[in-house]
Amino acid sequence: MHARHSIIDESHAFFDEVVLPLLQLHFATETNAMAAGFFGYGSEVLRLDDEYSTDHHFGLRVNALLPEAVFAARGAQIEDMLAQKLPQVWRGRELREGYTRTKGVALQSLEYHLKSTIGLDHPPETHGEWLSIPEEDITHVVAGEVWHDPSGRFSSVRHALSDYYPEAVRIRRLAHWCRYFSGMGVYALKRALLRDNMLYASTTFARSLRWGVQMAFLLDRTYCPYDKWMTEMFYRLPRMGARLKHIVEEAPQLATSWERKLDLLHEMSDILDAAMVEDGLIAPHPKYRVSPTSGYRLLESAYAELIKKCPADIK
C-alpha cells in the first residue's frame with residue numbers, strides 16, 4: 001500500500017535540513033546517543049492525519065529521546081539552544097507547540113517515554129510484562145518513523161514489540177476476549193433485549209462489537225489501536241477485515257434492528273470460531289445451538305479450549 005502524504009514527511013525534511021545540523025554542531029556527543037523521528041501520540045503516527053487533524057496540536061514535529069542520565073545533564077541546554085536557533089516558520093509552517101518548551105522538537109528521556117506508554121523502561125521479558133501493557137499503547141512506540149538512532153536502543157525496543165506477542169500471550173489474550181464476547185457480550189445483550197433494557201443493550205452491544213474486532217486483530221497478528229483509528233486499521237487486516245467487513249458496517253447502523261444486531265454478533269461468533277479452527281487453535285466441532293434465553297455462547301467453549309493451552313503463569 002502506497003503511504004499517503006502526511007505531516008511526517010515534512011517533519012522528516014525539517015529534521016534533516018534544520019534540526020539535525022544544529023544538534024550535530026552544538027551537541028555532537030549527545031546527538032550520537034539520541035533517537036529522533038516522529039512517533040508517540042496523534043493520528044499522524046499512523047499517517048491518518050486529515051483536514052480535521054489540523055485544528056489542534058498539529059504541525060512540524062520531531063520527537064527526540066536521550067538516555068535518562070544524558071537528558072538530566074544536558075537536556076535543558078539542548079532545549080535552550082533549539083529555542084534560540086530554530087526558525088519560527090519553515091516552508092510556510094509555523095512550528096507547533098511540542099510536549100516540551102521547544103517548538104517543533106519534543107525532547108524527553110527514552111526511559112520516560114517508554115514508562116509513560118508501555119509502563120516499562122525495557123522490552124517486555126516475561127508473559128506477565130507482556131500482558132501488563134495495554135494493547136493500544138504499544139502504538140505509541142511502534143508506529144511512526146525513526147530517522148536517527150546511532151545507538152539503536154530505541155529501535156531495539158520498537159523491533160521487539162513489532163515482532164508481536166509471544167504465542168502464549170496471544171492465545172491468552174484471545175481466550176480473554178472470547179470469554180468477554182460470549183459471557184458479557186451476546187449473552188448479556190440477549191438478556192437485555194428480553195428485559196427491554198435499552199441502556200444495557202446499547203452499552204453491551206458496543207462492547208461486544210469492539211471485542212469481536214479486537215479478536216480479528218489478534219487472529220491476524222496485528223496490534224489493535226485506539227478506537228478512533230480502529231476502523232481504518234481494521235480494513236487493512238489481511239484476512240479478517242474482509243471476512244467481517246459486512247458485519248462491522250451493518251451492525252452499528254441506527255436502522256439495523258436489535259434482533260438483527262444480535263444475529264450479526266452470532267455470525268461474528270461463527271466467523272471468529274472458524275478462523276480459530278482454521279489456524280489450529282481449537283478443534284473442529286459440531287455447530288452449536290442458539291439459546292432462546294442466553295443467546296449464542298459459542299466462544300465460551302473456545303475460551304475453555306484456549307485457556308488449556310496457556311502456561312501456568314498466565315492461566
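Which residue just after α9 takes a positive phi? In this predicted model, the residue is R221, and its phi is about 50 degrees.

**View 1. Helix α9 and the residue that follows.** Helix α9 covers residues 198-219, a run of 22 residues. From its first C-alpha to its last, α9 reaches 31 Å, close to the 32 Å expected at 1.5 Å a residue. R221, with its positive phi of about 50 degrees, comes just after α9.

**View 2. Packing of helix α8 against helix α13.** Helix α8 (residues 167-194) packs with helix α13 (residues 298-308) at an angle of about 155 degrees, and their axes are 8 Å apart. Because angles over 145 degrees count as roughly antiparallel, α8 is roughly antiparallel to α13. The crossing of α8 and α13 is left-handed.

**View 3. Residues in the contact between α8 and α13.** On the α8 side, the contact is made by I171, R172, L174, A175, C178, R179, F181, S182 and G183. These meet L298, L299, E300, A302, Y303, L306 and I307 in α13. By class, the contact of α8 with α13 has 11 nonpolar, two polar and three charged residues. An α-helix has 3.6 residues a turn, so residues three or four places apart point the same way.

View 4. A64 lies in strand β2, which covers residues 62-66. Its relative accessible area is 2%, so A64 counts as buried. Leaving aside neighbours within four places in sequence, A64 is in contact with M34, A35 and A36, and also with V105, A106, L107 and Q108. L281 is 217 residues from A64 along the chain, and the C-alpha atoms of A64 and L281 are separated by 41 Å.

View 5. S155 is found in helix α7, which covers residues 153-162. With a relative accessible area of 16%, S155 is buried, because the cut-off for buried is under 20%. Leaving aside neighbours within four places in sequence, S155 is in contact with V146 and D149.

**View 6. The whole chain, for orientation.** The chain has 13 helices and six strands. Along its principal axes, the C-alpha trace spans about 70 × 45 × 35 Å. Of the 315 residues of the chain, 51% count as buried. Among contacts between residues at least 6 apart in sequence, 71% join residues at least 24 apart.

Note on methods: Residues numbered from 1 in each chain as written. Predicted model: local features only at pLDDT ≥ 70, side-chain atom pairs only at ≥ 80, totals over all residues. Heavy atoms only, no water. Helix = DSSP H or I, 4+ residues; strand = E, 2+ residues; numbered from the N terminus. Expected span 1.5 Å × (residues − 1). Axes fitted to C-alpha atoms, helices over the stretch in contact; angles between N-to-C directions. Parallel < 35°, antiparallel > 145°, perpendicular 65-115°, else oblique. Left-handed = near helix turned anticlockwise from the far one by under 90°. Contact = heavy atoms within 4.5 Å. Nonpolar A, V, L, I, M, F, W, Y, C, P; charged D, E, K, R; others polar. Buried < 20%, exposed > 50% of the residue type's maximum accessible area, 1.4 Å probe, protein only.
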